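Here is a short briefing on one protein chain. Keep the model open while reading.

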Amino acid sequence: MHLAWFISLIFALPCHSLFILLPLYLYPGTSASAWSNVTAAIAANPTVQWQVIVNPNSGPGTYPPDANYIAALSKLNSYRNVVTLGYVATNYGRVPYATLTSQIDVYAKWATYTQANISVAGVFFDEVNNTAASDVYTYYRRAAAYATDEIPSDVTPVIFNPGASTPAQLFDYADTVVQFENPFSAYRDGATIGTFQPGFNDQTAIIVHSTPSTADLKSLVRTMVQQGIQAVYLGVDCCYNVFSGQLLSALASAVLAG
């Protein structure tokens, strides 16, 4: 991502307090057909910012990705309200640091592909260990710093996903931390937000899966806005393989309404 592009994005979008953090782990298929509900929602809501996580093979896989991924990534990157992130699993700190850096190197190399824009702007670290321990802090500090240094982007978002309340120190290394990733049945609106690490709602994301069609998204999102939450996603299935156009549209509308 070039700095001028990022600045233009900031000024083109209104200052909504939330962005949508969307885990797009699904294989795109031919002509990005499996991503069509996602891209339709993005196109229909150009003043909502979307940070979209792509995950070709529990990480970047080989370079370059296959032709379907190239076409789909290029289309995703054509939207000015999208920031694309590469998925890296850390297995709660058990993945060797050299393995993490090699995966980040592959994502960084995507920017060198000349036939289409398949670059990612940042990295989404999944399965983050939320234990308050010096070795944990060192592991994630190094991982985040490497991503920031190596991804060829002037602004490199780094996101940690422990999926639960997180020690304050980890917020020093990431732009966003997912402090809730669970089914809708476990989400308790403001009560859930009250369990988060205090003082970091403006760096906190909430990911809710298995959301029923009857959920009152406007009310839920309104509470998040009032509590200063940074990012949200509410989806229909546990594994992010199904993307309901109706739910995505409702989520985007709720974010716009604030």
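Predicted model: local features only at pLDDT ≥ 70, side-chain atom pairs only at ≥ 80, totals over all residues.

Residues are numbered from 1 along each chain as its sequence is written, and side-chain values use heavy atoms, with hydrogens and water left out.

**Nonpolar core**

- Leu21 also belongs to the residues with the most contacts inside the largest nonpolar core; the others are Leu22, Trp50, Phe125 and Phe160.
- That core has 90 residues. A nonpolar core here is a set of buried Ala, Val, Leu, Ile, Met, Phe, Trp, Tyr and Cys residues joined through side-chain atoms within 4.5 Å.
- Helix α5 gives this core its largest share, seven residues.
- Buried means under 20% relative accessible area, exposed over 50%, and partly exposed in between, with a 1.4 Å probe and protein chains only.

**Overall fold**

- The protein chain holds eight helices and eight strands. Both are DSSP runs numbered from the N terminus: helices are H or I with at least four residues, strands are E with at least two.
- The C-alpha trace spans about 45 × 45 × 35 Å along its principal axes.
- Of the 258 residues, 52% are buried.
- Take the contacts between residues at least 6 apart in sequence: 77% of them join residues at least 24 apart.

**Surface and charge**

- The accessible surface of the protein chain is about 10600 Å², and carbon and sulfur atoms account for 52% of that. Areas come from the Shrake-Rupley method with a 1.4 Å probe; for residues, only the protein chains shown count as cover.
- The chain has 9 positive and 15 negative charges, and their mean positions lie 5 Å apart. Lys and Arg count as positive, Asp and Glu as negative; His and the chain ends are not counted. Each charge is placed at NZ of Lys, CZ of Arg, CG of Asp or CD of Glu.

- Ala143 sits in helix α5, residues 134–150. It is buried because its relative accessible area is 1%.
- Not counting residues up to four places away in sequence, Ala143 touches Tyr97, Leu100, Ile104 and Phe125.
- Ala143 and Asn201 are 58 residues apart along the chain, with 23 Å between their C-alpha atoms.
- Val54 lies in strand β2. Its relative accessibility is 0%, so it counts as buried.
- Beyond its neighbours within four places in sequence, Val54 has contacts that include Leu24, Trp35, Leu73, Tyr107, Trp110 and Val120.
- The C-alpha atoms of Val54 and Asn91 are 18 Å apart, and the two residues are separated by 37 residues along the chain.

**Backbone details in loops**

- The peptide bond from Tyr63 to Pro64 is cis, with omega near -10 degrees. Pro64 is in the loop between β2 (50–54) and α3 (67–77).
- Ala32 is not a glycine, yet its phi is positive, about 55 degrees. It lies in the loop between β1 (19–24) and α2 (36–44). With a relative accessible area of 6%, Ala32 is buried.
- Tyr240, also not a glycine, has a positive phi of about 60 degrees. Its loop runs between β8 (231–234) and α8 (245–257). Tyr240 counts as buried at 4% relative accessibility.

**Partly exposed and exposed positions**

- Asn37 is in helix α2. Its relative accessibility is 36%, so it counts as partly exposed.
- Leaving aside neighbours within four places in sequence, Asn37 is in contact with Phe243, Ser244, Gly245 and Leu248. The C-alpha atoms of Asn37 and Ser244 are separated by 6.7 Å, although the residues are 207 apart along the chain.
- Ser185 is in the loop between β6 (176–183) and α6 (190–193). It counts as exposed because its relative accessibility is 55%.
- The C-alpha atoms of Ser185 and His209 are 9.0 Å apart, and the residues are 24 apart along the chain.

How values were computed:
Contact = heavy atoms within 4.5 Å.
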